[in-house]
Amino acid sequence: MPFKYAEMEQAIIDAVRISTEGRDVAVAFSGGLDSGLISAIAKKYANSVHLYTCGTDKAHDVVMAKDLSERLELPWTQVQISKRNMEPLIKEMISATGTTDPFTISYELQLFCVCREAREDVVVTGQGADEYFMGCAKFVDQTDNDYEMQKDAAVDRLIKVSIPCELAIAKHFGKSLLYPYMMEEVISGIRKLDQDELRPRDMDSRKSILRDIAVDLGYPYIATRKKKSSQYGSETTNIIRTLSREKGMFYNEYIASLCDEVLSGRPTKNRGSVINARVDSIIKVEAENILSQLKLSPSEAVEMFYRKIIEDGGIQSVEKVREKDP
């Protein structure tokens, strides 16, 4: 009996082959399903494959990656992060990409570190598998409407926030980034699948089609890999939280202080009160790109707006915004 997802399987194989054939490639390797499957396939076509994993010595991703690299018989390098080098790395990333969103920094820092360490000019990543093969935890236990909204929002953030940040990272280090799971033949194949089969019933059935493909290709040990989000699997978030507490700051406040220092080109002053506000991620990125060109930090821009509200009592500054965006 033919394999049910044979067409999708071949699309992934072709995408990896096109990306890696005859090349010396690095893989941003978490030791999970997405990067594990890419690495296994790439081994058949690339001139060489070297795996790189960002994390502390005891991090979940490092432990899992070391084990899987041995099973795949591929060379592996741990890219070490610690309290000592975290702040310089974050500052360098902010400077290179203009990214100031704490959440984006937390999950893109791992790729930044891999690109910084990799000797190869080509870096292959499993980015896109969570969004297109339904691997995010937020896809589970949703109503139909909320599920569709979460799917669209995830892809929107991937395309408009994550990928531009990653391309800026690659440019900073003179690397080429390749995304097999986001190549057109794979995306087209996903559209042909039964969308109900893509939708996870529970946490264990996330990316079930990708897991079935791994088994069919002879990698059952890849199909069963357990994965944490990169910011937790690498222990990036834990380190930043520790640094924040040591400086007497909240997590977001600490990241904002580093952004101010990098983007304003001067030492951070006393930051005063913290404002917690939810802003559409796309609006945030576009606005902060403009602020970066103006050499203004988000904190300075918010303070300027607040001062304007005080000056005119909100009659002009706030009401004009409401009129434009009811």
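This is a predicted model: local features need pLDDT of at least 70, side-chain atom pairs count only at pLDDT 80 or more; totals for chains, interfaces and linings use all residues.

Colleague: Fine. How many helices and strands does the chain have?

Modeller: The chain has 17 helices and five strands.

Colleague: And what share of the residues counts as buried?

Modeller: 48% of the 326 residues.

Colleague: What about contacts between residues at least 6 apart in sequence: what share joins residues at least 24 apart?

Modeller: That share is 73%.

Colleague: Let's do helices. Which residues of H13 are buried?

Modeller: H13 runs over residues 236-246. Its buried residues are Thr236, Thr237, Ile239, Ile240, Leu243 and Ser244. They span an arc of only 160° around the axis, so they sit on the same side of H13.

Colleague: What does the face turned away from that side carry?

Modeller: Arg245 and Glu246, both exposed.

Colleague: And what covers the buried residues of H13?

Modeller: The cover includes four helices: H4 (83-97), H5 (102-117), H12 (230-233) and H14 (251-264).

Colleague: Now H8. Which of its residues are buried?

Modeller: H8 covers residues 184-192, and Val186, Ile187, Gly189 and Ile190 are buried there. Their arc around the axis is only 160°, which puts them on the same side of H8. On the other side, Glu184, Arg191 and Lys192 are exposed.

Colleague: What covers the buried residues of H8?

Modeller: Helices H1 (6-20), H6 (129-132) and H9 (195-198) are included in the cover.

Colleague: Switching to rings. How many aromatic pairs does a search of the whole structure find?

Modeller: Six. One of them is Phe139 with Tyr147, an edge-to-face pair. The rings are 6.1 Å centre to centre, with 85° between the planes.

Colleague: Is Phe139 buried or exposed?

Modeller: Phe139 is buried, at 0% relative accessibility. Tyr147 is at 3% and also counts as buried.

Colleague: What sits over the ring of Tyr147?

Modeller: The charged end of Arg199, 4.3 Å from the ring centre.

Colleague: Next pair. Why is Tyr219 with Tyr221 edge-to-face?

Modeller: Their planes are at 85°, so the pair is edge-to-face. The cut-off for that class is over 60 degrees. The ring centres of Tyr219 and Tyr221 are 6.3 Å apart.

Colleague: How exposed are those two, as relative accessibility?

Modeller: Tyr219 has a relative accessible area of 11% and is buried. Tyr221 is partly exposed, at 23%.

Colleague: Where does Glu166 lie?

Modeller: In helix H7, residues 144-173.

Colleague: And which residues is Glu166 in contact with, leaving aside neighbours within four places in sequence?

Modeller: Glu108, Leu111, Gln127, Leu177 and Tyr179.

Colleague: Last topic, backbone. What phi does Glu73 have?

Modeller: Glu73 has a positive phi of about 55°, although it is not a glycine. Glu73 is in the loop between helix H3 (60-72) and strand S3 (76-80). At a relative accessible area of 64%, Glu73 is exposed.

Colleague: And Met134: what phi, and where is it found?

Modeller: Met134 has a positive phi of about 60°, and it is not a glycine either. Met134 is found in the loop between H6 and H7.

Colleague: Is Met134 buried or exposed?

Modeller: Met134 is buried, with a relative accessible area of 4%.

Definitions and conventions:
Residues are numbered from 1 along each chain as its sequence is written. Side-chain values use heavy atoms; hydrogens and water are left out. Helices (H or I, at least four residues) and strands (E, at least two) are DSSP runs, numbered from the N terminus. Contact means heavy atoms within 4.5 Å. Buried means under 20% relative accessible area, exposed over 50%, partly exposed in between (1.4 Å probe, protein chains only). The arc is that of the directions from the helix axis to the C-beta atoms. Rings of Phe, Tyr and Trp (its six-membered ring) pair if their centres lie within 6.5 Å; planes under 30 degrees apart count as stacked, over 60 as edge-to-face and the rest as tilted. A charge sits over a ring if NZ of Lys or CZ of Arg is within 6 Å of the ring centre and within 35 degrees of the ring normal.
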